[in-house]
Amino acid sequence: MTAKTYELRTFGCQMNVHDSERMAGLLEEAGYVRAPEGAGGADGGSGSGADLVVFNTCAVRENADNRLYGNLGQLAPKKAARPGMQIAVGGCLAQKDRETIVKKAPWVDVVFGTHNVGKLPVLLERARVRQEAQVEIAESLEAFPSTLPTRRESAYAAWVSVSVGCNNTCTFCIVPQLRGKEKDRRPGDILAEIEALVAEGVTEITLLGQNVNAYGSDIGDREAFSKLLRACGRVEGLERVRFTSPHPRDFTDDVIEAMAETPNVMPQLHMPLQSGSSRVLKAMRRSYRQERFLKIIENVRAAMPEAAISTDIIVGFPGETEEDFEETLHVVREARFAQAFTFQYSKRPGTPAAEMDGQIPKKTVQERYERLVALQEEISWEENKKQVGRTLELLVAEGEGRKNDATNRQSGRAPDNRLVHFARPEVPVRPGDLATVEVTYAAPHHLLAETPPAAVRRTRAGDAWEARNAAPAVESGQRGVMLGLPTVGAPAPQPAGAGGSGCQAC
């Protein structure tokens, strides 16, 4: 009997990406295999030829619902022509809209929320047997998601959730309503997962949470996050540790000290600003002000002079004046971010900001947005030019350079997470290995080393990548590293499959 195939379409933040890894793990444990990329639908056109299509949705992005229903509409004729095909919708939009989805798209088989990802295979089977849509939205977390089987997309880098949910009440954000209150994992469980990943060959982990440095509030330890960073430093074989995204309110000196004093914690920080105006920050219910934010940046740079700092900024929040916007530009000039993710404010139904007076005209928002982008582009380029002549050790990456085949290059990430393209050596370096290069050119969004690496350090992560890609294909799909706690140990190598914050706007 041929195994059923599945396709996962993921929208939104890193938390959703990691949730999709869990959905894939659950489906493959249930006997599904990933559909080949680009598989056509029943009509031979573009779209899904998979037996199951799962949408992992985001409610934060503008017009998220329109994009979902557009995608579902495209699949309707394919499903009608293909008996037995199933469609499932999960994630934040499913948590928010619930029964609305099957009313607007009655051909959907399963709707499940952010708290009951683990029920997906059961709901699919129930929909098949009962021949009717199954809508199940849990109101609170049933089991911490990291206990679920996971299909890791990378052999050498992995997400590790430290918490789910968020206790903040930012007026522009709906995530706390959809992900619930913060729930922390036990430190021992986190470290057990990290150790299991390292045993698999993973060399870089990113600690993930909606508000990652608030970790400990649920277990009553205000210094729990800095202790966790230091504990990661004691995991043998773990070469790089990152985390995303912290909140300025909870970013304390003990975290800065732990970053600076723990060698495998990378000199990189994503610190969401949102606005440089203290007046606007108050309206956003962001519990810090401009002075506090800039002091954090100053302290980080004092402890780690070469740290690269990135941020999120919202332009055109209700009531933002030209003077408020100039305050944002002031902070950008002072902080000198390596990179900024900039967003034009748009209403999110269900948030307090959507009902505020002083909504800014689109033309004004666009003009401010373009000024901000131009300033940040200039700063990013200037900061990258400072890297020219430096010798960097790169974690060689897979799929980071779209033009690499044409330019005969490979790509990797520096310790501060800057993207570096380098000349391909005669024998290409494996993803997961470490390459030492000299930077010769800087662009606003990447660096270039125009000569091959001066040295290459082969790693267990490179071995893991090589073993996975050398393994036999599984049916018509691809299979990644399967790992779910509390089970630990190395599964047989499998062929390869394919990063902030839980919420880009947090």
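These are my notebook entries on a few spots I looked up in this structure.

**Ground rules**

I am working with a predicted model, where local features need pLDDT of at least 70 and side-chain atom pairs count only at pLDDT 80 or more, while totals for chains, interfaces and linings use all residues. Residues are numbered from 1 along each chain as its sequence is written, and side-chain values use heavy atoms, with hydrogens and water left out.

**Entry 1: the annotated cysteines**

I began with the UniProt record, an unreviewed entry, which puts the feature "binding site" at Cys13, Cys58 and Cys92. I keep in mind that such annotations may be inferred rather than shown by experiment; the positions are in the numbering used here and feature names are shortened. The three are spread over 80 residues of sequence, yet they cluster in space, with a largest C-alpha distance of 10.6 Å.

I then looked up Cys58 and found it in the loop between strand S3 (52-57) and helix H2 (64-80). For the labels, helices (H or I, at least four residues) and strands (E, at least two) are DSSP runs numbered from the N terminus. Cys58 is buried at 9% relative accessible area; buried means under 20%, exposed over 50% and partly exposed in between, with a 1.4 Å probe and protein chains only. Beyond its neighbours within four places in sequence, Cys58 contacts Phe11, Gly12, Asn16, Ala64, Cys92 and Leu93, contact being heavy atoms within 4.5 Å.

Cys92 sits in helix H3 (residues 92-97) and is buried too, with a relative accessible area of 5%. Setting aside neighbours within four places in sequence, I list Thr57, Cys58, Ala59, Thr114, Leu178 and Arg179 as its contacts.

**Entry 2: H12 against H13**

How do helices H12 and H13 pack? Helix H12 (residues 322-335) and helix H13 (residues 362-385) meet at an angle of about 10°, with axes 10 Å apart. Axes are lines fitted to C-alpha atoms, for helices over the stretch in contact, and angles run from 0 to 180 degrees between N-to-C directions.

From H12 I noted Glu322, Phe325, Glu326, Leu329, Val332 and Arg333, which meet Arg368, Arg371, Leu372, Leu375, Gln376 and Ile379 in H13. The residues of this contact divide into six nonpolar, one polar and five charged.

**Entry 3: salt bridges**

My search of the whole structure gave 32 salt bridges, each a side-chain nitrogen of Lys or Arg within 4 Å of a carboxyl oxygen of Asp or Glu.

Which residues does Arg457 pair with? One partner is Glu239, at 2.9 Å, N to O. This pair spans 218 residues, from Arg457 in strand S22 (residues 455-457) to Glu239 in the loop between helix H8 (224-232) and strand S12 (240-244). Another partner is Glu393, at 3.7 Å, N to O. Glu393 lies in strand S16 (residues 391-396) and Arg457 in S22, so this bridge ties together parts that are 64 residues apart in sequence. I also checked accessibility: Arg457 is partly exposed at 35%, as are Glu239 at 29% and Glu393 at 31%.

Notes
Ala, Val, Leu, Ile, Met, Phe, Trp, Tyr, Cys and Pro count as nonpolar, Asp, Glu, Lys and Arg as charged, and the others, Gly among them, as polar.
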